[in-house]
Amino acid sequence: MKTFVLASQNKHKAEEIKQILGSDFEIKTMDQVGLSNFKIIEDGNTFEENAAIKAVSVFKKINMPVIADDSGLCVDFLDGGPGVYTARFAGENASDGDNINKLLCELNNVPFEKRSAKFVCVIAFIENSANNINYFKGECSGHIITEKRGTSGFGYDPVFYCEEYDKTLAELGEDIKNTISHRYKALKAFSEFLK
Ligand code: IMP
């Protein structure tokens, strides 16, 4: 069995990755390799840069294969923003609600057809050298609607509308979301690479 360390403390992400990669792979979180207090400063300008910063920082500590992911929301009307600032769009300690409110304010009076957006996820994978990073990208396209709908998921899910289902990601629920999400698509590409 191959073991990868996920450059994140997020157990939910580790579970999602395990499910997609299958039982030939073991995924350990940073906690499980003694890096629970290790802080990484994500100051890249792109999702790729941030994923690489996380992967390289952890690889240099433990010298084992590392997976890191970085994701966010890109809104066309905001020229691709909030992008790498997605988590802290409304400030350093902003809640999901604060971030959604800021987004809806910035898009106030913007018509539906100009509210197109996508979630992007980039996975950086280092197997045995920090000079050799493989990247895998997934995107999920939709529109930002004017009010929250649905209660499942997290982040911007309640305002991210998928035309194909006529529902927001928060109305769709985890099972369907996990077959169309940016993270799922990036992980699928990664899992193809491993085969
Ligand atoms: P992270 O890089 O996975 O931590 O994602 C950064 C930020 O993007 C999160 O704090 C969320 O606000 C947002 N985000 C990422 N993925 C999703 C998603 O699947 N649904 C809603 N928001 C997301």
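Let me start with composition: sorted by class, the shell around the ligand holds four nonpolar, five polar and five charged residues, where Ala, Val, Leu, Ile, Met, Phe, Trp, Tyr, Cys and Pro count as nonpolar, Asp, Glu, Lys and Arg as charged, and the others, Gly among them, as polar. Please keep in mind that this is a predicted model, in which local features need pLDDT of at least 70 and side-chain atom pairs count only at pLDDT 80 or more, while totals for chains, interfaces and linings use all residues. Residues are numbered from 1 along each chain as its sequence is written, and side-chain values use heavy atoms, with hydrogens and water left out.

Now to the shell itself. Of the 14 residues around the ligand, Lys13, Ser71, Asp157, Lys177 and Arg183 come nearest, a residue being near if one of its heavy atoms lies within 4 Å. As for polar contacts, meaning pairs of N or O atoms within 3.5 Å, a polar side-chain atom of Asp157 lies 2.6 Å from a ligand nitrogen, and a polar backbone atom of Tyr156 is 3.2 Å from a nitrogen atom of the ligand. On the oxygen side, an N or O atom in the side chain of Lys177 is 2.8 Å from a ligand oxygen. Taken alone, the ligand exposes 480 Å², and the protein buries 86% of that, with areas from the Shrake-Rupley method and a 1.4 Å probe.

Which elements give two or more residues to this shell? They are β3 (66-75) and α6 (182-194), taken as DSSP runs, with helices (H or I) of at least four residues and strands (E) of at least two; the largest share, three residues, comes from β3.

Turning to the space, the ligand takes up the largest pocket, in the sense that more than half of its atoms lie within 2 Å of the grid points. A pocket here is an open set of points on a 1 Å grid over the protein atoms alone, with protein on both sides within 12 Å along at least five of seven lines, and lining residues have an atom within 4 Å of a point. About 1,100 Å³ of space lies in this pocket, and its lining has 39 residues, with Lys13, Glu42, Lys54, Ser71 and Ala87 nearest the centre. β3 again gives the most, here with five residues.

Finally, there is one cavity of 30 Å³ or more, a cavity being a set of points where a 1.4 Å probe fits but cannot get out. The largest cavity has a volume of about 40 Å³, and Lys13, Ile17, Ile67, Asp69, Ile123, Arg183 and Leu187 line it.

Conventions. Polar contact = N/O pair within 3.5 Å; in protein donor to acceptor, adjacent residues only side chain to side chain. Points joined across faces, edges and corners; volume = space filled by probe spheres on them.
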